[in-house]
Each structure stands twice: as C-alpha cells, then as structure tokens.
Amino acid sequence: MLLFNPHNYQRVHADLRSRELVEKTIAFFETKGLKRIKEDDQSMVWYEDFLNFIQQEEVFADLLTPAAYGGENSRWDMWRISHFNEVLAFYGLCYWYAWQVSILGLGPIWMGDNEALKTRTARLLREGGIFAFGLSEQAHGADLYSSEMLLVPQADGSYLAQGRKYYIGNGNCAALVSTFGKIEGSGEYVFFVVASDHPAYECVQKIDTSGVRQAYVAEYALHDYPITEADILLRGDAAWNAALNTVNIGKYELGCASLGIATHCFYEALNHAGNRQLYNMNVTDFPHVKRLFVETYARLHAMKLFAMRTADYLRVANDADRRYLLFNPIVKMKVTGEGELCVGLLHEVIAAKGFEQQTWFEMAIRDIGMLPKLEGTTHVNMALILKFIQNYFFNPVDFPAVPRQDQAGDDGYLFRQQTGKLASVRFPDWRLAFKGVKLPNVQLFVTQAELLRKLLIAAAPSREQRADSGYMLAAGELFTLVPYAQLILENAAVYRLEDRMLDQIFALLVRDFAGYALQMVTDHANSKEQEELFRQMLIKPSRDESEFEQLWQEVLALKDSYLMPA
C-alpha cells in the first residue's frame, strides 16, 4: 500500500537524516494528539509549539536550503519536499500552510543573484525563521500587471517602499517577506525583501478564514520602508519570471497536501464505519459503502502515483526537457480536485459524524476546498494545460526513460528554470506507457483517448469554440485525463502496483472520461462530427466482481490500522 500511515511508516529515503526529519515530525503530532490539535484549531491559536519544534530540529533549514548555502544535510530535494507536504497536511492544513508560504517566500530569494541575502536567508532558516511571499493585493489579487506596491527612488540611490499586500501567509512574523512591486517612474518590476519586525512594516490585520484557522493570513503595509540595493533580489523580466516560477513550484505542493488530508479522512471514516452497526448490520456490509470506500482507495492511489511521478519529472528538468510544466498544473488542478472529491465520498459514509467538533474530519471539510483555489484557480491552470495539447498528441520526440528520482540531490534547475514558450515543450509518444498493458479498463481508456485525438484531427474546435473559454475548459478536462493516466501507468510499473488496483483506477478514469464527454454533448454546441465522436466516448467501464471484492477486503483490513491518539 502506498498510502501514508504514521503507525506503519514506509518510505524510501536517500539518507538517515531525511527519515529522521519525518519520523520526528510524526512523533511531534502524535504526541500532541487529536484533542489538542482540535482545541488549537477551534481557538485559532498561533502554532508556536510547532514553530518551536521546527526551530529546535532545524527542519525547514535542512529541507528548504539549497546545498550551496546550508549544512551537510541541506538541499532543495523535491523527493523529500513533496513527501513532507503530505505529512504536514495529514495532521492539519494550518501547519502545512506555514511551510507552503515559506516555500513561496524563499522562491525569489533562491532565484535571485543577491548572494549576501541568500547567506542571510540560510542563517535565518537555521535559526527557525519562516518566510512570506508578498505578491497579491486586495484590489488586484495576483494580477502582476496591476501591482500598486512601489519603490520610490531617492536622491542617494536608495528607495522608499510604499504600498500594501493582502492575503499574505506568515505576514505577522516572517523573518523576510519577498515583496513584488514596481519602481516608480520607470515601471520596472522588482522583487525586494522586508522584515516584519521593522518599524516601517505594519501588519495591518489578520484575515480570518474558515479553514487554516491557526494560520496568520495577513494584510501588511509598508510606510516609507527604506530599501537599498542590498535588499533587492531581482529586477525587470527576472522579477516577473521569478513571480511566475515561484508560483509554479508552489502549485505542486498543494496536490500533495490534498493527498495528506484525504488520506487521514479515509482512516477516520473507515474506523467509524467499520465499528458501527445499523439495522443489525455492520455499516461496512452495505454495498454502497463498499463502493464508496473502494473508489476512494483507488482515487487516493491514483493521486499519489501521479504526484510522485511528477516529482520525478521536476527533478530531471532542464531547458531541453520541461515536461513538468504540463504535469505540475495537473497536480495543482486535478490532484487537489480529486482530494476534494475523495473527502466528499467519505463524507457520504461518515455522514453527520463528520460535522462533530471532536473529529479530524470536521477540520478537513473546511480545509480541503481551499487547495484547488490557491496558487491559481482551476481555469488558470487549465489555460496553461491547453497550451500543450498539440505537441503532446501530435509531435512526439524521443526522451531517455526517467527512473524513480529518490536519490539525494539538489534540484537547482527550479531556481533557474526557463520561462515562456510553453507551446514548444515536447513529449514522447503518450502511448508508450500503455503499450503491453492488457487490463480491460486500460484498453477501454486508450479507445477513449484515441477518439479524442481523432476529434482533434477530424473535427477540431472551430474559431468560435476556441474563443469560448467555457467550451475549451470543458474540453480540457478530457485532455487532462490522458497525461494523468499516462503518469499513473508509468509509476504503477515503478511501484509494481497490483493489476486489480490498476484496473480499478482505470475503471474510474473510463467513467470520468465518459462523464466529461457527456457534458460536452449536453452543455455545449458541437458540430455533427464532434457530437458523434463525443458520443462514442460514452463507454461503460468493465467490472470484475471478484477483483472488486479482493480490493474491498484490502480496504477492510485497514480498519483501525491508524487512529490518532487523543
């Protein structure tokens, strides 16, 4: 089983320190216990105990400092970073949020060329500092063009920073806040750092949210904050690119967080249902409950296989191989959406119990919906994904095989990644991953994918349809399933996933594909040729009752395998 279980922890680590960091984090939360976590959540208590733990164990210092600036265990390693996202979110999204916004705040620093600030940042991380990313503004969101934060030039060559940023995590106490703005007069883009304890930095307010209650989401203002060249990270196009590339890295983290939340919900719902009787039956004997659990179990495995495989592509990326730029927004859009779906399915099982304040589930219900809507909403990420269709389906090139990237190493390319030219990114033939896989639902899925490819050749969207964002977003859901399925298959081979699980995953993908095709028929105007091809995609998945029952027994065996200490 690939799912994270703190009571039966299994994970390949490149070194003992990486394992130690996770095991100590698990021990911290298991010792704290569910009751205290819930009390802190309900009281909106700032998680000083968690930050003290991070400082004492130098967790962020080792995980978020590139090797050139840190100690012997420091590196920016997406294999272990991705896993730590899942672990933190498993215990509470608020804890993950402190980590996530620190990653965003560090992005422009490590991407910049201010070596003195990099050295300072490494020291601050070692001292337990957390970081913030000052990009969005209340009136404009993350619209970089409209940013009103200004650096006003002074006669001595310095600047005064003036403006406000809104919805900034860790904005109350970040050691450094990477802030995006413009230079007055020239309009040149600029990234600079400010310290939250400076007299000219005002933490205006805490923005209370329904989820991540303990986190501090801030509005801050700079009142003639003095800035010199020593505080400037990047200018011009480099500053603009750093904003986009930082969010690019940050997108990935959200999918892993969604996986952590949904996995915890899975255990809690299974324990509840498995120990409860209704109408003189075990709740887990109801056929619809079995279906809900097996579907969730399969979707969680699919999410994890895809997210871990995307980490492999992030780690091998270079200017000639930027396939991660397709897979990354799919993690953000699809994996977070699947996590929200899984929690919804489990809520159908746990029902009213999920609203009770002493459950972990109640917290998850509030938090899980935030993830698809942070670091770019679904339509923003789908717009990115659509840029890759032509080369993905029709212009294959050869690439070396990518094995599992679990080795220790610094993923430095992410801080110097090439930007733009998404339509030039190339891929090998997508069908290679499906070659030789004879499972019934995998073959049905290939049929659907080939029909989509045929549609793009013989009945491509018209100019009017391409101009209709609603139409293209809906069609994009169909395309997204193909690379999603591809990477799941690739990683299923790496992890030697059993056929019954893989076929169940693809049964769901076939069903999802048919569902999106039906939406294209019922919700949008199509040509006669398009509608006929969409109708051909309405394929029913194959169902093997004996394999389903084996999977159900696998699920049922996990009852009481994880219960968070009170």
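At what angle do helix α8 and helix α9 pack, and how far apart are their axes? This is a predicted model, in which local features need pLDDT of at least 70 and side-chain atom pairs count only at pLDDT 80 or more, whereas totals for chains, interfaces and linings use all residues. Residues are numbered from 1 along each chain as its sequence is written, and side-chain values use heavy atoms, with hydrogens and water left out.

**The helix pair**

Helix α8 (residues 287-316) and helix α9 (residues 324-350) pack at an angle of about 160°, and their axes lie 9 Å apart. Helices here are DSSP runs (H or I, at least four residues) numbered from the N terminus, and axes are lines fitted to C-alpha atoms over the stretch in contact, with angles from 0 to 180 degrees between N-to-C directions. The two helices are therefore roughly antiparallel to each other, a term for angles over 145 degrees. The contact of α8 with α9 comprises 19 nonpolar, four polar and four charged residues; Ala, Val, Leu, Ile, Met, Phe, Trp, Tyr, Cys and Pro count as nonpolar, Asp, Glu, Lys and Arg as charged, and the others, Gly among them, as polar.

**Cavities**

On a 1 Å grid over the protein atoms alone, a cavity is a set of points where a 1.4 Å probe fits but cannot get out, and lining residues have an atom within 4 Å of a point. The structure holds three cavities of 30 Å³ or more, a volume being the space filled by probe spheres set on the grid points.

| Cavity | Volume | Lining by class |
|---|---|---|
| Largest | about 60 Å³ | five nonpolar, two polar and three charged residues |

The lining of the largest cavity includes R11, H83, E86, Y252 and K304. Around the second largest cavity are R299, A302, E338, Y484, I505, L508, L509 and D512, and α16 supplies the largest share of this lining, with four residues.

**The second largest pocket**

A pocket is an open set of grid points with protein on both sides within 12 Å along at least five of seven lines. The second largest pocket has a volume of about 450 Å³, and of the 22 residues that line it, L386, I389, P461, R466 and M472 are the closest to its centre. By class, its lining has 16 nonpolar, four polar and two charged residues, and α15 gives the largest share, seven residues.

Methods:
Angles under 35 degrees count as roughly parallel, over 145 as roughly antiparallel, 65 to 115 as roughly perpendicular and the rest as oblique.
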